[in-house]
Amino acid sequence: MRKHGLVLMAIILTLSLLSACSSGNKSNSSESSAASGGKGKKELNILMESVPDTEFVKQVVDKYTAETGVKINIEAVNYASMHEKLVPQLLNATSSYDLIVVDNYWVGEFTDAGWMEPLDSFIERDRFDTSVYLKSLFNMVGQVDGTTYMLPFYNYAMSLIYRTDVFMDPELKSKYQAEFGRELTIPETLEEYVNISKFITKEKGSTMYGSVMMGLRPDPISVEWLNYLYSSGGEFFKEDGSPRINDANALKALELYIDNMKNAAPKGAAGFGFDEAFNVFAQGNAASFVTYNWMLNKLQDKEESKVAGLVNVAEVPGGASLNGGWGWAIPKNAEDKEASWQFLKWVESFEIAKERASLGGSPTRKDVLTDSDVLGQFPHYVNVQKIIEKSKMIPIIPQAPQLIEILGRELSEAVSGGKSPQDALDTIAKEVKEFE
Amino acid sequence: MTAKRSERLLDSLTYIALTVCALIFLLPILWIVRTSFTTKAIAYQIPPKWFITPTLDNYRDIFTDNPFGKYFMNSMVVSLVSTVIAVFLGAMAAYWIARRVKGGNFLRIAILGTQMLPPIVMVIPIFMMIKKLNLLDSWVALIATYLSFSLPYMIWLLMGFFEAIPKDLDEACEIDGCTKMQAFTKVVLPLAAPGIMAAGILSFLMAWNEFLFALVLTGTGARTLPVAIANMETQQGVMIAQLCAATVIIILPVVVLSLFIQKYLVNGMTMGSVK
Amino acid sequence: MLSVKRKQFLIFIVPSLLVLAVTVLYPLVYSFIMSFTSSSLKVRGFGDFVGLDNYIKAFKDAYFIKSGWTTGLFTVIVVTLEFVFGLSVALMLNRIKRGKKLFFTIIIVPMLITPVAVGLIWRLLLHPDLGIVNYLLGVVGLEGQAWLGDAKLAMMTVVLIDIWHQVPFMILLLLAGLVSLPGEPYEAATIDGASRLQTFWNVTLPLMKETIIVAVLFRVITAIKTYDLIYVLTKGGPGTTTEVISYHIYKQAYTFLNTGYSSAMSYLLLLVIMLLSVVFVRLGRGKAQAR
């Protein structure tokens with residue numbers, strides 16, 4: 001009998017909760033519906049990726065609020081969720097966001113769909129100097145076909161990060177000299193790189209791999225392999241726009257990649273993402289790692305890494321690394337574009353850009369990258385500037401996300417033995433040809 | 001005598017087997033707890049350091065870096081309210097269907113049919129509807145959306161439990177002069193309490209763990225825990241130690257909540273009826 | 001003519017139908033229409049009507065077909081293992097008197113963790129080089145595996161992680177069914193002198209039938225829709241060994257932006273699940289009436 005009473009009580013509770021919340025809901029909805037104002041918006045909503053560079057922006061925006069009285073709300077979501085989050089917003093008549101950041105993958109797609117507001121009239125009116133940006137970055141996340149849609153926010157050009165102590169190890173050096181008749185140094189070609197990395201794995205076994213790699217679909221494997229492709233003289237497309245991703249250069253790049261993966265990288269690297277690979281390197285179990293240049297700052301952090309002080313950055317062997325970056329853009333359906341631009345102009349001004357860089361941000365402006373204070377703090381930026389200037393980007397086409405997806409799938413097939421390298425590359429070429 | 005002994009043997013075997021099972025579930029959880037008190041560098045150290053000096057930094061970080069308390073509140077409210085509504089409406093609907101002779105099969109399939117489409121294709125129309133109603137980033141939006149899966153599942157699960165209860169019982173009550181509602185609340189509900197609790201927990205957890213709708217429909221105001229947790233996987237790596245700390249914080253209160261609910265689930269009402 | 005009682009009874013179902021009409025029917029119809037159009041996330045509205053083109057395209061899409069088989073395999077393995085394991089644990093939990101709460105609490109903890117976190121945590125535990133699992137295997141003298149990075153093992157690894165995460169659901173439902181069973185048939189069986197196995201086979205299983213079908217079908221549907229775990233663990237790799245259908249559809253919608261095509265694939269999937277469910281429901285109801 002007591003238990004029946006309890007159940008009844010539960011039902012009564014349910015009922016009362018129900019009525020309470022149905023009335024509660026209404027007040028909540030009116031409170032939290034996006035604050036919308038007309039011109040002269042006093043509150044800006046920005047959608048950003050959850051990375052340290054976003055944190056550095058968060059740390060400086062209070063200044064903007066103090067100067068102008070405009071409140072800045074930054075909503076940070078992770079990379080994988082950004083596209084899902086942005087697309088429905090951009091598709092609508094109005095957007096909840098006044099400013100967004102755009103990855104270089106999406107530039108072609110976003111301009112093709114007409115989702116971004118051209119900035120040229122603002123730039124001209126306010127004489128904002130865009131020549132301060134590194135050219136390879138501005139051509140990627142700035143200008144598309146002569147129209148400026150974005151201002152470069154931060155760069156993530158790839159590079160070779162290596163262990164200075166391993167490459168200086170006299171014992172390894174003399175053994176290498178004895179076996180191959182040449183000196184063990186930071187390699188300048190891919191063949192030499194793969195050779196050295198296999199040599200180190202052979203010598204040191206499981207305590208030190210020559211290189212750690214990342215074979216997870218679609219981004220890690222694609223961006224890693226594109227360094228091999230570009231450094232082997234390969235390209236996605238010929239001048240006439242037809243694919244050449246299955247030519248001899250690409251095949252060589254893929255064979256070297258698979259050779260390195262099978263004979264030098266740790267077991268299971270075919271399933272590694274950025275994080276797994278990073279951790280192998282950070283624990284001191286790998287001599288080299290093709291990754292974003294700013295990983296160096298993280299590897300110098302003792303909380304995350306055991307190799308702090310023993311690492312440096314160089315260009316990817318072969319010299320052509322993969323460029324990457326994010327750009328600020330104003331959505332076409334933003335409510336008050338003038339207000340958005342005012343903030344954008346401020347956050348990308350020299351002073352603020354320098355402040356963000358000194359907090360650890362990854363610069364896009366030449367004058368910040370070569371600033372003596374910044375260089376004093378991060379001496380390796382001399383190398384980074386060279387890497388960015390020589391690097392090549394993923395082609396800006398509307399189907400770039402598809403391109404990466406197809407690339408990742410087929411490369412993974414080739415690495416895991418599901419297809420021969422040539423078959424995999426032919427499949428990519430065939431599917432790329434079907435893009436209209 | 002032998003029967004008693006075999007009973008006792010079986011009892012000890014059961015306990016041994018259960019302990020093994022519990023360990024399978026528990027050990028990874030313990031590792032999560034341990035990781036939540038370390039730094040990333042120690043988390044990935046092999047061979048592992050067995051004795052670590054615990055740090056509370058991760059716990060501090062998750063509360064200072066983002067309004068974790070607010071996200072927790074959002075998750076709790078949205079999951080609880082949608083579950084309560086689903087239990088309430090779903091139990092009645094399930095009873096109605098369970099006691100129908102004709103068309104039962106069709107209704108069953110139809111109700112389940114609403115759940116057969118991957119949520120991915122439902123997101124776009126739902127987003128547009130919510131946006132039109134100007135309800136983006138609100139609790140209502142999530143509660144309504146979560147009802148779209150918790151209510152059908154609830155009906156579907158409870159039908160089974162109601163059907164297991166002999167019809168004669170509530171019919172007898174009706175003959176004695178109670179209304180359908182009384183027969184339902186006085187006779188059927190108490191007997192089905194374990195099922196209702198199980199289905200309620202299930203519905204709560206589906207809402208608690210839901211990611212895609214929460215991502216697309218919320219901003220920072222109504223953001224829920226799964227979205228906040230997903231943000232710990234960044235382009236610069238997974239904040240594994242903070243993620244483990246967040247997981248621990250998420251698990252704890254729900255474990256407490258489930259301790260309270262278990263009374264109905266584990267012991268059931270059968271013991272009551274036997275007494 | 002409805003009697004007053006029938007009318008009163010309608011109150012039971014009407015509110016649910018209303019809620020469902022608003023929250024489910026609209027998106028269902030919307031995506032059904034979308035499946036016959038060239039609709040893309042790049043343009044507002046539906047795009048052009050293309051008839052059955054999307055459906056025909058699906059049958060020609062080798063990766064779609066392959067992901068269908070992968071999903072089938074995944075679902076069968078996962079649900080079978082979870083059912084066997086779940087039923088055994090539920091029976092054991094139902095048997096013991098002391099420590100029931102403790103065991104139960106431990107066992108349900110995994111399902112409180114959000115799938116994204118489950119994936120990331122298991123990636124930590126299963127890291128081939130730096131994970132605790134391979135380390136412990138090494139301690140007892142076994143060779144560590146590449147787990148998610150090995151084309152032959154990846155699927156099995158995903159299955160095991162999914163079981164760890166989802167089997168509590170199965171235990172929960174089956175246990176709820178077990179504790180609701182009436183006591184009389186068991187007393188009768190004891191009087192008849194039935195053995196333990198006979199009692200289980202002739203009393204427990206038939207009485208549990210409804211619950212079992214509900215629980216299994218519930219897991220079949222959620223297993224077919226699995227995509228977040230795959231997303232975090234393997235992204236369908238290595239190669240296409242773990243590319244399940246929901247993940248394939250997800251990519252068509254969000255990477256390729258072909259919402260029309262992804263809706264068509266979803267409706268094909270719906271058709272298959274629907275047929276499966278009809279079989280299951282018939283199975284359950286048929287026997288129930290015989291009883």
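Let me start with a convention for packed helices: an axis is a line fitted to C-alpha atoms, for helices over the stretch in contact, and an angle runs from 0 to 180 degrees between N-to-C directions. Please keep in mind that this is a predicted model, in which local features need pLDDT of at least 70 and side-chain atom pairs count only at pLDDT 80 or more, whereas totals for chains, interfaces and linings use all residues. Residues are numbered from 1 along each chain as its sequence is written, and chains are lettered from A and ligands numbered from 1 in the order in which they are written. Helices (H or I, at least four residues) and strands (E, at least two) are DSSP runs, numbered from the N terminus.

With that in place, helix α10 (residues 219–231) of chain A packs against helix α11 (residues 248–263) of chain A at an angle of about 130°, and their axes are 8 Å apart. That angle makes α10(A) oblique to α11(A), where under 35 degrees counts as roughly parallel, over 145 as roughly antiparallel, 65 to 115 as roughly perpendicular and the rest as oblique. From α10(A) the contact uses A:W225, A:Y228 and A:L229, and from α11(A) it uses A:A250, A:A253, A:L256 and A:Y257, contact meaning that two C-beta atoms, placed from the backbone, lie within 7 Å. These residues divide into seven nonpolar, no polar and no charged, with Ala, Val, Leu, Ile, Met, Phe, Trp, Tyr, Cys and Pro taken as nonpolar, Asp, Glu, Lys and Arg as charged, and the others, Gly among them, as polar.

Turning to chain A as a whole, its secondary structure comes to 20 helices and ten strands, and its C-alpha trace spans about 80 × 75 × 50 Å along the principal axes. Of its 436 residues, 52% are buried, that is, with 20 or more other C-beta atoms within 10 Å of their own.

How are the three strands β8, β7 and β9 of chain A arranged? They form an open sheet in the order β8-β7-β9, with antiparallel pairing, where two strands pair if DSSP finds at least two bridges between them. β8 (288–292) and β9 (311–314) of chain A are at the edges with a single partner strand each, so one side of each has no neighbour in the sheet. The twist averages 35° from one strand to the next. Strand β7 (residues 158–163) of chain A pairs with β9(A) over four bridges, and A:Y162 stands opposite A:N312 in β9(A).

Chain C, by contrast in its make-up, has 13 helices and zero strands. Its C-alpha atoms fill a box of roughly 75 × 70 × 30 Å along the principal axes, and 51% of its 291 residues count as buried.

Finally, the interfaces. Between chain A and chain C, the contact takes 31 residues from chain A and 26 residues from chain C; on the chain A side, α19(A) gives the most, with seven residues, and that side divides into twelve nonpolar, twelve polar and seven charged. The contact of chain C with chain B takes 76 residues from chain C and 90 residues from chain B. Helix α13 (residues 259–290) of chain C gives the most to the chain C side, with twelve residues, and that side comprises 53 nonpolar, 15 polar and eight charged residues.

Methods:
Buried ≥ 20, exposed ≤ 12 C-beta atoms within 10 Å, placed from the backbone.
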